[in-house]
Amino acid sequence: MRVLGVDPGLTRCGVGVVEGVAGRPLKMLGVGVVRTPTDAELGERLVAIERGIEEWLDEYRPECVAVERVFSQHNVRTVMGTAQASAVAMLCAARRGLPVALHTPSEVKAAVTGDGRAEKAQVGAMVTRLLRLDAPPRPADAADALALAICHIWRAPALNRLQQAHAAARAPRIPVRKVTR
């Protein structure tokens, strides 16, 4: 499975592509950030993020996109920018028919470090170890994007089984009639 992880942000939108399957060594294919100038108009910044994500989708052809789920913070302005960048990433994926998975920050931290309250440095260190990198990806947004991709690769099989079980439980039961001749 090839996953594009996106750590949304208006100034720095982390992106990273990881390939692999749960239980096997993972491989980083690319990592970086899509940057926008803080003095640019909001619409221009969103277009720049869209172009950047589209370039990553064109170059790496992921099978799905994992985006950090926006959570409530004290700074509403920060939340709005993050939500807008997140929506751009989801739109780019949807336009191509790619599935999008949303993962909370604590879910990602728990998957990668074993602790849902891990610090950014711990996440970066584990991403470095898991992907056998020489150094942690910089800035932290890039490491977070890789962590999102890793989390999705590891969690996708279990999530798919849960979704199938839920769908089967909700499916209408058709009574079987015994036919005798």
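Trainee: Why does Glu54 count as buried?

Mentor: Glu54 has a relative accessibility of 16%. Buried means under 20% relative accessible area, exposed means over 50%, and partly exposed lies in between, with a 1.4 Å probe and protein chains only. The value of 16% is under 20%, so Glu54 counts as buried. This is a predicted model, in which local features need pLDDT of at least 70, side-chain atom pairs count only at pLDDT 80 or more, and totals for chains, interfaces and linings use all residues. Residues are numbered from 1 along each chain as its sequence is written, and side-chain values use heavy atoms, with hydrogens and water left out.

Trainee: What makes the contact of Arg96 and Glu54 a salt bridge?

Mentor: A salt bridge is a side-chain nitrogen of Lys or Arg within 4 Å of a carboxyl oxygen of Asp or Glu. For Arg96 and Glu54 the N to O distance is 2.5 Å, so the pair meets the definition. Arg96 sits in the loop between α2 and β5 (100-103) and Glu54 in helix α1, 42 residues apart, so this pair links distant parts of the chain. The elements are DSSP runs numbered from the N terminus: helices are H or I with at least four residues, strands are E with at least two.

Trainee: Which other salt bridge does Arg96 form?

Mentor: Arg96 also pairs with Asp58, with the closest N and O atoms 2.6 Å apart. Asp58 is in helix α1, 38 residues from Arg96.

Trainee: Why are Arg96 and Asp58 called partly exposed?

Mentor: Arg96 has 31% relative accessibility and Asp58 has a relative accessible area of 42%. Both values lie between 20% and 50%, so partly exposed is the term for each.

Trainee: What do Arg95 and Glu50 tie together?

Mentor: The side chains of Arg95 and Glu50 meet in a salt bridge at 2.9 Å, N to O. Arg95 lies in helix α2 (residues 76-95) and Glu50 in helix α1 (residues 42-60), so the pair ties together parts that are 45 residues apart in sequence. Glu50 is partly exposed, at 22%. Together, Glu50, Glu54, Asp58, Arg95 and Arg96 are linked in a network of salt bridges. The whole structure has eight salt bridges.

Trainee: How do you know whether Trp56 and Tyr60 are stacked or edge-to-face?

Mentor: A pair of aromatic rings is described by the distance of the centres and the angle of the planes. Rings of Phe, Tyr and Trp (its six-membered ring) pair if their centres lie within 6.5 Å; planes under 30 degrees apart count as stacked, over 60 as edge-to-face and the rest as tilted. The centres of Trp56 and Tyr60 are 5.1 Å apart and their planes stand at 25°, so the pair is stacked. The structure holds one aromatic pair. Trp56 and Tyr60 are both in helix α1, four residues apart, about one turn of the helix.

Trainee: Why is Trp56 called buried, and what does Trp56 touch?

Mentor: The relative accessible area of Trp56 is 14%, so Trp56 falls under the 20% limit. Contact means heavy atoms within 4.5 Å. Beyond four places in sequence, the residues touched by Trp56 include Leu4, Val15, Val17, Gly30, Val31 and Arg61. Gly30 is 26 residues from Trp56 in sequence and 8.8 Å away in space, C-alpha to C-alpha.

Trainee: What covers the buried residues of α1?

Mentor: The cover includes β1, β2, β3, β4 and α2. Among the buried residues of α1 are Arg45, Ile49, Ile53 and Leu57.

Trainee: How do you know that the span of α1 is close to the expected one?

Mentor: The expected span of a helix is 1.5 Å times one less than its number of residues. With 19 residues, α1 reaches 27 Å from its first C-alpha to its last, close to the expected 27 Å. Just after α1, Arg61 takes a positive phi of about 45°.

Trainee: What makes β3 and β5 edge strands?

Mentor: Two strands pair if DSSP finds at least two bridges between them. The open sheet has five strands in the order β3-β2-β1-β4-β5, with mixed pairing. β3 (27-35) and β5 each have a single partner strand, so one side of each is left without a neighbour in the sheet. Strand β2 (residues 12-19) runs antiparallel to β3 and is joined to β3 by eight bridges, and Gly16 has Val31 in β3 as its bridge partner.

Trainee: Why does Asp141 count as buried?

Mentor: Asp141, in helix α5 (residues 140-170), has 13% relative accessibility, so Asp141 is under the 20% limit. Leaving aside neighbours within four places in sequence, Asp141 is in contact with Asp7, Arg12, Gly14 and Val33.
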